[in-house]
Amino acid sequence: MTAAGPGTAPAARPLAGCTVVVTRMREQAASLADGLEALGAEVLLVPTIRLAPRPLDDEVAAALRELAAYRLVVFTSANAVRVFAGYLARGTEEGAMPAGPVVAAVGPATAAALQRHGLACHLVPDEFVAEGLAEALIREGGAAPTVDAGARVLIPCARGARDVLPDALRARGAVVDVLHIYETVAARELAEPAERVEAADYLTFTSPSTAHGLAGLLDGEARARGDARPLAERLAGARLCSIGPVTSEALRGMGLAVAVEAREYTAAGLVAAIAATRPAAVYS
């Protein structure tokens with residue numbers, strides 16, 4: 001934890017003295033960890049999942065050849081953008097998305113990933129979940145593209161991703177191709193001692209897979225040390241913090257109470273929600 005400098009107001013560091021666990025993949029942790037550290041938190045990086053990209057096989061190559069025929073290409077995560085951009089670089093002559101399709105992103109982090117990889121983003125919904133993106137894509141009029149009968153849509157995404165978006169677009173008559181281009185698998189081990197993770201003030205989760213990943217790792221450690229207590233009991237002293245309703249639902253389904261849920265479903269929104277839990281006395 002970085003000490004406050006001379007003249008630093010306590011109000012600027014509401015998380016001073018708090019330990020916060022970040023369960024995101026290490027490559028994606030900075031947007032969350034940096035915001036927490038700026039508010040005074042001691043951050044423990046404990047990646048609970050890792051990315052396993054799909055090879056550029058015949059099915060992926062066929063989708064790349066057909067890209068110009070799609071009306072929409074929809075990305076629901078920054079990971080999907082990263083993997084797909086790699087396919088474009090290796091599997092197309094141009095090394096980029098063709099001009100024809102409209103490109104949509106589920107939220108600002110995914111849109112920023114498109115920008116980093118030199119890909120245009122034409123649409124980001126107001127609500128940063130699959131339901132919000134589906135609504136934006138099928139909305140009549142305005143700037144949003146209309147998805148109607150026969151529109152071809154490509155959704156490169158994770159294996160095991162929710163069916164909310166493709167189902168909504170198919171109900172509209174779109175021809176939707178879901179291309180599974182990666183999967184998230186559990187990390188092999190905890191990056192910090194289990195006892196230290198369980199004793200943290202806050203545990204942050206940015207997807208259902210991060211929640212399931214941490215539960216599996218902690219349960220494995222508990223069995224190894226002969227601790228038969230359920231996970232909810234071992235985490236009773238920590239506040240579990242979720243980036244949004246989908247992740248919150250996953251945590252509750254595991255029998256875990258959600259103490260904090262971000263109003264804006266982004267890393268910055270989660271940092272703000274955690275900071276808002278601190279007593280008013282901290283700001284005086």
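Trainee: Which elements do the buried residues of α11 pack against?
Mentor: Gladly, but bear in mind that this is a predicted model, in which local features need pLDDT of at least 70, side-chain atom pairs count only at pLDDT 80 or more, and totals for chains, interfaces and linings use all residues. Residues are numbered from 1 along each chain as its sequence is written, and side-chain values use heavy atoms, with hydrogens and water left out. Helices (H or I, at least four residues) and strands (E, at least two) are DSSP runs, numbered from the N terminus; contact means heavy atoms within 4.5 Å. With that in place, the buried residues of α11 pack against α1, β8, β9 and β10.

Trainee: How many of the nine residues of α11 are buried?
Mentor: Buried means under 20% relative accessible area, exposed over 50%, and partly exposed in between (1.4 Å probe, protein chains only). The residues of α11 that pass are Ala267, Gly269, Leu270, Val271, Ala273, Ile274 and Ala275. The helix is largely enclosed by the rest of the structure, because the number of buried residues is seven.

Trainee: How do α1 and α11 lie relative to each other, roughly parallel or roughly antiparallel?
Mentor: Axes are lines fitted to C-alpha atoms, for helices over the stretch in contact, and angles run from 0 to 180 degrees between N-to-C directions. The axes of α1 (residues 30-38) and α11 (residues 267-275) come within 9 Å and cross at roughly 30 degrees. Angles under 35 degrees count as roughly parallel, over 145 as roughly antiparallel, 65 to 115 as roughly perpendicular and the rest as oblique. The crossing therefore makes the two helices roughly parallel.

Trainee: How many residues of the contact of α1 with α11 are nonpolar?
Mentor: On the α1 side the contact is made by Ser31, Leu32, Gly35 and Leu36, and on the α11 side by Ala267, Leu270, Val271 and Ile274. Ala, Val, Leu, Ile, Met, Phe, Trp, Tyr, Cys and Pro count as nonpolar, Asp, Glu, Lys and Arg as charged, and the others, Gly among them, as polar. Two residues of the contact are polar and none is charged, while the nonpolar ones number six.

Trainee: Which residue in β8 stands opposite valine 22?
Mentor: Strands β1 (residues 19-22) and β8 (residues 202-205) run parallel and are joined by three bridges. Within this pairing, valine 20 has tyrosine 202 as its bridge partner. Opposite valine 22 stands threonine 204.

Trainee: Which residues of β8 are buried on the side away from Tyr202 and Thr204?
Mentor: In a regular strand the side chains alternate between the two faces of the sheet. Both faces of β8 are covered, with Tyr202 and Thr204 buried on one side; on the other, the buried residues are Leu203 and Phe205.

Trainee: Which residue in β7 is the bridge partner of isoleucine 49?
Mentor: β3 and β7 (residues 175-186) pair in the antiparallel sense over five bridges. At isoleucine 49, the bridge partner is alanine 186.

Trainee: Last one: is asparagine 79 buried or exposed?
Mentor: Asparagine 79 is placed in helix α3 (residues 78-91). Not counting residues up to four places away in sequence, asparagine 79 touches Met25, Gln28, Leu51 and Tyr182. Its relative accessibility is 7%, so asparagine 79 counts as buried.

Methods: Pairing = 2+ DSSP bridges.
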